[in-house]
There are 2 protein chains.
Amino acid sequence: MTRQELIHQIFTKKTFLCVGLDTDIKKIPEHLLKEDDPIFAFNQAIIDATAPYCVAYKPNLAFYESMGVKGWISFEKTITYLNENYPNHFIIADAKRGDIGNTSAMYARTFFEEINLDALTVAPYMGEDSVTPFLQYPGKWVILLALTSNKGSHDFQLLSVDNGQLTVDSSHADSSQGGSQLSTVNSQLSTPQERLFEKVLRKSQEWGNADNMMYVVGATQGQMFEDIRKVVPEHFLLVPGIGAQGGSLEEVCKYGMTKDCGLIVNSSRAIIYADKTERFAEVAGEEAKKVAEQMAALLS
Amino acid sequence: MTRQELIHQIFTKKTFLCVGLDTDIKKIPEHLLKEDDPIFAFNQAIIDATAPYCVAYKPNLAFYESMGVKGWISFEKTITYLNENYPNHFIIADAKRGDIGNTSAMYARTFFEEINLDALTVAPYMGEDSVTPFLQYPGKWVILLALTSNKGSHDFQLLSVDNGQLTVDSSHADSSQGGSQLSTVNSQLSTPQERLFEKVLRKSQEWGNADNMMYVVGATQGQMFEDIRKVVPEHFLLVPGIGAQGGSLEEVCKYGMTKDCGLIVNSSRAIIYADKTERFAEVAGEEAKKVAEQMAALLS
């Protein structure tokens, strides 16, 4: 799906919701366990009920891999079902892949040729040649991890990194001001430095652009969206962390929304597990509708 | 497998070779394509031929995922075959996984409970809660990406990061030495800083230890092993990049080997694709034997 098509879908349907298909055999309604493929049966019902209220679906591969071969069958059936019945929905595999060049190329072939997804989440740690193989497919997207929604995001993503221009301004260093010079020197240093997630945002723009790359930015870091928009004013951001993880939709939109919307906001558990009875799909649809109504208000 | 068992295997067999099972349907000998499961048939023959010369096997998940459901079946059959016939070999899934806590826990369950591997490679970008779920299984290992073998490793892994103690030594900053002060200030700054991969090595020691954590360090960065051993003197390192990627075994051992060996050196393409005729397995065995002989000399 192209950027223009995605924007068209968002403004036509007045929603930028992504429903996360984090389908866990231990959490789905019990009556589904007698189905041949309970995971697929659950997904199919959730998709049918929520499709009018969302523009994207995002299965997280971990939940399917945990079921081994059976899980892969459920995953592929889900993607085929989406492609056949909901061709206007944007399909993201939350896989967080990334490997040396020839191996990333294998992953790209799997997800973009064999399985026909629109987008894949990719981890940035291994750098350029781990990411660029995913950018060779027209209409397909890399969604690069930038600032994630979890507590561990603070361990590395927020570190100040030397962006290669670390210098001390000599006009300040030359002047003799005793003790006060210390703070002057420190403030001069903070300018050329940036945080690792900002470096990832900036550096990766050498590899892709706003037509084939998005970034994962967790909703739990609401006020950070202002800083992020300074580096990527146009790119779409995939935003997990609304709902079960506690992020605020209003805050994300206040700081992160652009004239093209520029946001795909994901909710998984709060929608798909809202009810565990035979009414589970209907209730999931109602929850998705509530979020979509909030989104419609925020879009206008 | 425990650290002591691994060390015992290395010194008994006089090898620290890991054979990478990066099995690509497009690269295996043509006569295998008529088998029911060509990937498994290839792996089985490679394993039987190389087992005396290696202590570990490392299938890279990308190659199996690229075959979809069939690939997962081949992967699981390979692991079962190894567990049943070669219980003293250390089995690594090169998966480079890592996600928010509850999702990493799903991956851990998959790879350590369902599939019964010894170790999994994990990407560090998402921090503590993306890694620790993998550390809850006695005898199982996390192998965290630190300094990878690819060109893109330079994009982020080598960045200088502020380790949270970035200060200017005031005894130097106070003294007025005109122009020469600049270099003094800069050299003061370089001490508390470290590179991102060193930060990953240091920080992750708060989560695991030398009994349940190893690090990926590419052989293409030979001289870096000296710096790495300053931060992780005891940990095992998984070293890709020998062979097709051009790393030097001698250099890796010179700077990286410890009294417990401390190295598992991987070779994939140079061994498994050494020959493409019906003699492929025999030739792979010969290649593995050559590497093992070099290793025996380096161990003594």
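Which residues in helix 4 of chain A meet helix 4 of chain B? Before selecting them, note that this is a predicted model, in which local features need pLDDT of at least 70, side-chain atom pairs count only at pLDDT 80 or more, and totals for chains, interfaces and linings use all residues. Residues are numbered from 1 along each chain as its sequence is written, while chains are lettered from A and ligands numbered from 1 in the order in which they are written.

Select helix 4 (residues 68–85) in both chains, helices being DSSP runs of H or I with at least four residues, numbered from the N terminus. Gly68(A), Val69(A), Trp72(A), Ile73(A) and Glu76(A) meet Gly68(B), Val69(B), Trp72(B), Ile73(B) and Glu76(B) there, contact meaning that C-beta atoms, placed from the backbone, lie within 7 Å.

Next, show the whole contact, which takes 57 residues from chain A and 57 residues from chain B. On the side of chain A that touches chain B, the largest share, seven residues, comes from helix 5 (residues 101–114) of chain A.

Finally, view both chains together: a rotation of 180 degrees with 0.0 Å of shift along its axis superposes chain A on chain B, with an RMSD of 0.0 Å, by least squares on the C-alpha atoms of residues with pLDDT of at least 70 in both. That is the relation of a two-fold axis. To find the axis, select Val161(A), whose C-alpha comes closest to it of the residues of chain A, at 2.2 Å.

Methods: Two residues are in contact if their C-beta atoms, placed from the backbone, lie within 7 Å. Helices (H or I, at least four residues) and strands (E, at least two) are DSSP runs, numbered from the N terminus. Axes are lines fitted to C-alpha atoms, for helices over the stretch in contact, and angles run from 0 to 180 degrees between N-to-C directions.
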